[in-house]
Amino acid sequence: MAQPTGPAAPSRGTLSADRDERLLAALRAGDEEAFAGLVRRYHATLKRVARAYVSTDSVAEEVVQETWLAAISGLDRFEQRASLKTWLFHILANKAKSRGARERRIVPFATLARAGEDEASVPPDRFQQAGDTWPGHWAMPPRPWEDPERRLQSLEARERLRAAIGALPEVQQTVLTLRDVEGFDADEVCALLDLTDGNQRVILHRARARVRAELERYFEETA
Amino acid sequence: MSVDEIVCREFAELATDYLEGAMPDETLELVEEHLAMCDWCRDYLDQMETTARAVAAEPAAAPPGPGSEPPPAILDALVGAFRARTAGEGDG
């Protein structure tokens with residue numbers, strides 16, 4: 001089924017096991033700065049996930065606050081079978097799910113998620129058409145990016161990148177944030193957002209394709 | 001997929017399935033055959049990977065905007081709840 005050694009997608013947990021350990025010790029010792037830092041770090045992303053289940057921002061905000069309170073009271077029972085981050089997001093997802101079920105959100109996230117499925121990753125006119133020599137092959141192929149790692153470090157490139165992410169539809173932004181920014185793996189994201197595997201992948205693909213297109217424009221402009 | 005080759009337009013839609021290692025063997029075979037002979041699609045694949053890495057490397061990639069940090073009053077209240085937990089333990 002899966003190739004054994006495909007090019008690895010980035011899966012860099014923002015909290016490594018080691019940092020997790022230290023953070024947990026600090027939290028258990030009552031370190032308020034550590035707790036405040038954790039809240040600042042994850043509040044927005046938690047809210048984003050909550051929004052997959054509930055209909056308004058203010059309900060999402062309430063769900064996130066309930067999550068923090070649950071985390072505070074559960075700190076001593078947390079057994080480190082998962083990372084602190086995963087534990088936190090699962091508390092959130094459970095709370096958001098039951099809240100969403102109660103308020104019967106009219107358009108479920110999974111339905112919103114299907115909305116963009118037909119969109120092409122690359123504009124169709126960049127490929128050869130039916131009457132051309134090689135239909136379906138590139139007519140305007142991507143040009144290789146020169147030294148992308150270095151150029152992507154510039155302030156301007158990073159601004160463009162952030163803007164591209166910010167311009168994504170809500171569903172794509174949420175999946176991209178969880179996968180590529182927070183480093184959750186595909187199964188975790190499916191569980192957190194109640195998506196099927198295939199659905200999750202299509203959304204991730206759409207999101208990365210849109211961001212790639214924006215970076216391509218940036219590289220062309222600054223070539 | 002029942003065809004015996006894939007074209008670039010199709011690969012453009014399959015790049016993430018490929019990177020995720022989530023394709024049936026027969027599709028994987030067609031994709032690898034295609035990649036072996038298509039520089040352009042390899043460039044496209046590279047760019048998709050570079051994009052994912054760039055997003056991962058951007059610490060502030062979580063889009064800013066209203067509500068990206070908790071309102072100060074909420075943060076204070078939560079820190080207060082956290083303090084109460086610690087204090088409660090000290091008492092008990």
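This is a predicted model: local features need pLDDT of at least 70, side-chain atom pairs count only at pLDDT 80 or more; totals for chains, interfaces and linings use all residues.
## Helix H1 of chain A

After H1(A) comes Gly30(A), a residue whose phi is positive, near 85°.

## The two domains of chain A

The domain assignment divides chain A into domain 1, which covers 17-103, and domain 2, which is made up of two segments, 109-125 and 142-221. Taken over C-alpha atoms, the centres of domain 1 of chain A and domain 2 of chain A are separated by 25 Å.

Where these domains meet, eight residues of domain 1 of chain A are in contact with seven residues of domain 2 of chain A. On the side of domain 1 of chain A that touches domain 2 of chain A, at least two residues each are supplied by helix H2 (32-50) and helix H4 (84-103) of chain A. That side of domain 1 of chain A comprises, by class, five nonpolar residues, two polar residues and one charged residue.

Most residues other than glycine have a negative phi. Against that background, Asp147(A) has a positive phi, near 50°, and Asp194(A) also has a positive phi, near 60°.

Asp147(A) is placed in the loop of chain A between helix H5 (109-115) and helix H6 (148-151), and this residue is exposed, because 8 other C-beta atoms lie within 10 Å and the limit for an exposed residue is 12 or fewer. Asp194(A), for its part, lies in the loop between helix H9 (186-193) and helix H10 (197-221) of chain A. With 17 C-beta neighbours inside 10 Å, Asp194(A) counts as partly exposed, since a buried residue would need 20 or more and an exposed one 12 or fewer.

## The helices of chain B

Chain B contains four helices and zero strands, so that, under the definition of helices and strands used here, its pattern along the sequence reads α-α-α-α. Of the 92 residues in chain B, 33% are buried. Among the contacts in chain B with a separation of 6 or more, 59% are accounted for by residues 24 or more positions apart.

Glu32(B) is found in helix H2 of chain B, and this residue counts as exposed because it has 11 C-beta neighbours inside 10 Å, where the limit is 12 or fewer. Glu32(B) and Glu69(B) are 37 residues apart in sequence, and their C-alpha atoms are 44 Å apart in space.

## Where chain B touches chain A

The two chains meet through 47 residues of chain B, which are in contact with 55 residues of chain A. The elements giving two or more residues to the side of chain B that touches chain A are helix H1 (8-19), helix H2 (25-37), helix H3 (39-57) and helix H4 (72-91) of chain B. The one that gives the most to this side is H3(B), with 13 residues.

Sorted by class, the residues on the side of chain B that touches chain A divide into 26 nonpolar, eight polar and 13 charged.

Key
Residues are numbered from 1 along each chain as its sequence is written. Chains are lettered from A and ligands numbered from 1 in the order in which they are written. Ala, Val, Leu, Ile, Met, Phe, Trp, Tyr, Cys and Pro count as nonpolar, Asp, Glu, Lys and Arg as charged, and the others, Gly among them, as polar. Domain bounds come from an automatic or database domain assignment.
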